[in-house]
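Student: Please take a close look at one part, the surroundings of the ligand. Then connect that part to the rest of the chain.

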Amino acid sequence: MNSDFDLLIVGGGLVGGSLALAMRDIPLRVGIVEALTEAERQASTAGDRALALARGTVQILDRLGIWQDVSAKAMPIRHIHVSDRGRFGKTRLHADEKGVDALGHVVVARTLEDRISQELHKLDAELICPARVIGLKAGQNGVCVTLKKGEECLNFTATLVVAADGGNSTVRKLLGIQQSVRDYGQTAIVTEVSTQADVNFTAYERFTTAGPLALLPLERRKCSVVWTMKDQDAEEVLSESDANFTASLQSAFGHWLGKIRLAARRQGFPLKLVQAEKMADDRVLLIGNAMHQLHPVAGQGFNLGLRDAAFLAERLSTKLAFREDIGEKAFLDRYVRARQRDLANTIHFTDGLIRVFCTDFPPLALARNAAMIALDCFPPAKRLLARHAMGYGFRL
Ligand SMILES: Cc1cc2nc3c(=O)[nH]c(=O)nc-3n(C[C@H](O)[C@H](O)[C@H](O)COP(=O)(O)OP(=O)(O)OC[C@H]3O[C@@H](n4cnc5c(N)ncnc54)[C@H](O)[C@@H]3O)c2cc1C
């Protein structure tokens, strides 16, 4: 089949957009299909979430040529402070002890999306937007994709389709790929607070009886809050008045940063671990949230998805050097095998954190406390935690 595209990326969000940028210098005919207009994306409140970016992620974004601009609006994390409400244990990690200037960075998702979107418009690749994939049929030599663009239906062919169309992936559904879902019965409440004291480049992770509470530095006196709790508690907390919510938050977090004030509205995100049952089908690969949706408590979802994209681009450039079929099964199988370990490790790490830290069960609560004290006193364990925090724990 003489395809319209060598590579068609469905979804021009954080992960699909990054893949398109990573393909910039690779001589393939690339198409990107994105459902949302700029105005719709800007209006979506999902862009308000803060993303903790691992060091490895920052290095990839730098290679994509977008980090310099994004870094002006990002906050470096120079210290990580982990504590347990009502207990003594606490662990501190410091960038200078690791010989680095930052353990990671925090950026509002929209800042990164904006920068990726600007670059997408400059690419030679064809950006088909706004358009949605509504049909997909894989044949021996290529995939036929049907798009809905306004009132029109368009048909394209591609040698390889990459689904980066998020957690509700249409491509995955059209292929009939099932998902395994672990519902944690928890909701992450996301908001922002201003603080009396200088945040001093510190990310706080505090284990409260309601659930883990993260305060990530956004500005000198402003933090993004992700507070995870049981669904029914979250429902109540979300319906509280601002004053009552602030009081609950202050009491759960303590006074590490003095008096806190609510600085944005509250949003609830139900937490699930969702995994597609396969990463590849005939001439189709699933990456980013289309493949895996993780609990935000460990801030790994985008970091993992970006590694999918960077690794795929690297493999595609190698494949191209040999002028081979980029959609053939053997190539996709090799990609899947190579990504499996990173995916499994990241999921185990995130899942393990939830199991150990989202518990009121006293022996476990004591154990985590002891673990934190031990971590603070035992440099090798701390180094391991720092490697995970910096995104080096699961290197390919
Ligand atoms: C509260 C919260 C906090 C988080 N914190 C962190 C963190 O600290 N660190 C971290 O690494 N991750 C974090 N994450 C996870 C991170 O947000 C996701 O992993 C990331 O957004 C996944 O990017 P994606 O491009 O795969 O999917 P998405 O961001 O969902 O993008 C999918 C894109 O596909 C488009 N699309 C959808 N359907 C179609 C279609 N049919 N046709 C064409 N286009 C389509 C959409 O418009 C969108 O642009 C957090 C998530 C939440 C909810």
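Tutor: The ligand has 30 residues around it, and Glu34, Arg49, Ala52, Asn289 and Phe302 come nearest. A residue counts as near if one of its heavy atoms lies within 4 Å of the molecule. This is a predicted model: local features need pLDDT of at least 70, side-chain atom pairs count only at pLDDT 80 or more, and totals for chains, interfaces and linings use all residues. Residues are numbered from 1 along each chain as its sequence is written, and side-chain values use heavy atoms, with hydrogens and water left out.

Take the polar contacts next (pairs of N or O atoms within 3.5 Å). A side-chain N or O atom of Glu34 is 2.6 Å from a ligand oxygen. Arg49 places a polar side-chain atom 2.8 Å from an oxygen atom of the ligand. Val133 uses a backbone N or O atom, 3.3 Å from a ligand nitrogen. Taken alone, the ligand exposes 1000 Å², and the protein buries 86% of that. Such areas come from the Shrake-Rupley method with a 1.4 Å probe.

Which elements give two or more residues to the shell? They are helix 1 (14–22), strand 3 (50–54), strand 9 (132–138) and helix 9 (301–321). Helices (H or I, at least four residues) and strands (E, at least two) are DSSP runs, numbered from the N terminus. By class, the shell has 16 nonpolar, 10 polar and 4 charged residues. Here Asp, Glu, Lys and Arg count as charged; Ala, Val, Leu, Ile, Met, Phe, Trp, Tyr, Cys and Pro as nonpolar; the others, Gly among them, as polar.

Now the aromatic pairs. The structure holds 4 of them. Ring centres must lie within 6.5 Å; planes under 30 degrees apart count as stacked, over 60 as edge-to-face and the rest as tilted. Tyr204 and Phe253 have ring centres 5.3 Å apart and planes at 85 degrees, so this pair is edge-to-face. Tyr204 sits in strand 13 (residues 202–207) and Phe253 in helix 8 (residues 242–253), 49 residues apart. Both are buried, that is, under 20% relative accessible area with a 1.4 Å probe, protein chains only.

For Phe311 and Tyr335, the centres are 5.9 Å apart and the planes at 40 degrees, so the pair is tilted. Phe311 is in helix 9 and Tyr335 in helix 10, 24 residues apart. Phe311 and Tyr335 are buried. Helix 10 (residues 329–357) also holds Phe331. Phe331 counts as buried because its relative accessibility is 3%.

How values were computed
Buried means under 20% relative accessible area, exposed over 50%, partly exposed in between (1.4 Å probe, protein chains only). A polar contact is a pair of N or O atoms within 3.5 Å; within protein, one must be able to donate a hydrogen and the other to accept it, and residues adjacent in sequence count only if both atoms are side-chain atoms. Rings of Phe, Tyr and Trp (its six-membered ring) pair if their centres lie within 6.5 Å; planes under 30 degrees apart count as stacked, over 60 as edge-to-face and the rest as tilted.
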